[in-house]
Amino acid sequence: YDFNPRMLHSIQRSFVNVIAPAATWRRGLHLGPLCCKSGHYKITLKKDRPLTYEQANPPYRIGVTKGWNSWNASTLRDPQRQPYSAAYEDEFIRKFVRGTWQKTLLSDVVIKRRHREIVIAMMVCPLPSVAAMHFLTSYTETLLSHLFKALVRVELQAVRGKNNVIFKYI
């Protein structure tokens, strides 16, 4: 197959005219490789930017040195369940937990699904009273279990401060 630059130019023009004729007509269509730096944090000169363990590992190391933040095994038992619904539910759970545990949440929320059970794991800064911790835990479990009609369990790991969660500085 012979490469014809005129054909490529005509393909680019028709493609650009279909997508966004006013915005990208002057710039053209770039067919180069995508930038491979997504998920990487820029190193500062003073090396004073703290990173947690989740942030310190680049995305290509997921499954090698660190695990996923969402584990979904619920479709093994119920194959009629759509896989994208778990992603929507996971995002709702993360937003709900961030709103409920506002000032105490220190790490990313890890969600594990097993059949009809949802396990939410996170690191929190301990509250002054133990009753408040128990209330927030039971509130989260009860509300989410009624909403999703599944057993919800919250696993907390109490950490003394934000400095104990820092993995390294860049």
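The legends below describe close-up views of a predicted model.

**View 1. The largest nonpolar core and its members.** This core has 18 residues, among which I93, V97, W101, I118 and I120 touch the most other members. Helix α3 (83-100), strand β4 (117-124), helix α4 (130-148) and strand β5 (151-158) each supply at least two residues of the core. In soluble globular proteins, nonpolar side chains tend to be buried together.

**View 2. The surroundings of W101.** Leaving aside residues up to four places away in sequence, W101 touches M122, V124, M133, L136, T137, T140 and L156. W101 is also one of the core residues that touch the most other members.

**View 3. Strand β4 and the strands paired with it.** Strand β4 is largely enclosed by the rest of the structure, because 7 of its 8 residues are buried. Strand β3 (residues 110-114) pairs with β4 in the antiparallel sense, over 5 bridges. Strand β5 runs parallel to β4, and 8 bridges join the two. E117 of β4 is the bridge partner of R114, and L151 of β5 is the bridge partner of E117.

**View 4. The hairpin of β3 and β4.** These two strands form a hairpin with 2 residues between them. H115, in the turn, has a positive phi of about 50°.

**View 5. A network of salt bridges around R113.** The structure holds 4 salt bridges, and a network of such bridges links E89, D90 and R113. In the salt bridge between R113 and E89, the closest N and O atoms are 3.0 Å apart. This pair links distant parts of the chain, with R113 in strand β3 and E89 in helix α3, 24 residues apart. In the salt bridge between D90 and R113, the closest N and O atoms are 2.9 Å apart. D90 lies in helix α3 and R113 in strand β3, so this pair ties together parts that are 23 residues apart in sequence. R113 counts as buried because its relative accessibility is 5%. E89 is buried, with a relative accessible area of 19%, and D90 is buried as well.

**View 6. The salt bridge between R153 and E117.** The closest N and O atoms of this pair are 3.1 Å apart. Because R153 lies in strand β5 and E117 in strand β4, the pair ties together parts that are 36 residues apart in sequence. R153 is partly exposed, with a relative accessible area of 34%, whereas E117 counts as buried at 19% relative accessibility.

**View 7. A nonpolar patch on the surface.** F135, Y139 and L143 form this patch, and together they have about 290 Å² of accessible area. L143 is in helix α4 and counts as partly exposed, at 39% relative accessibility.

Notes: Residues are numbered from 1 along each chain as its sequence is written. This is a predicted model: local features need pLDDT of at least 70, side-chain atom pairs count only at pLDDT 80 or more; totals for chains, interfaces and linings use all residues. Side-chain values use heavy atoms; hydrogens and water are left out. A nonpolar core is a set of buried Ala, Val, Leu, Ile, Met, Phe, Trp, Tyr and Cys residues joined through side-chain atoms within 4.5 Å. Buried means under 20% relative accessible area, exposed over 50%, partly exposed in between (1.4 Å probe, protein chains only). Helices (H or I, at least four residues) and strands (E, at least two) are DSSP runs, numbered from the N terminus. Contact means heavy atoms within 4.5 Å. Patches are made of residues with over 30% relative accessible area and no salt bridge: like charges are joined within 9 Å, nonpolar side chains (Val, Leu, Ile, Met, Phe, Trp, Tyr) within 5 Å. Accessible areas come from the Shrake-Rupley method with a 1.4 Å probe; for residues, only the protein chains shown count as cover. A salt bridge is a side-chain nitrogen of Lys or Arg within 4 Å of a carboxyl oxygen of Asp or Glu. Two strands pair if DSSP finds at least two bridges between them.
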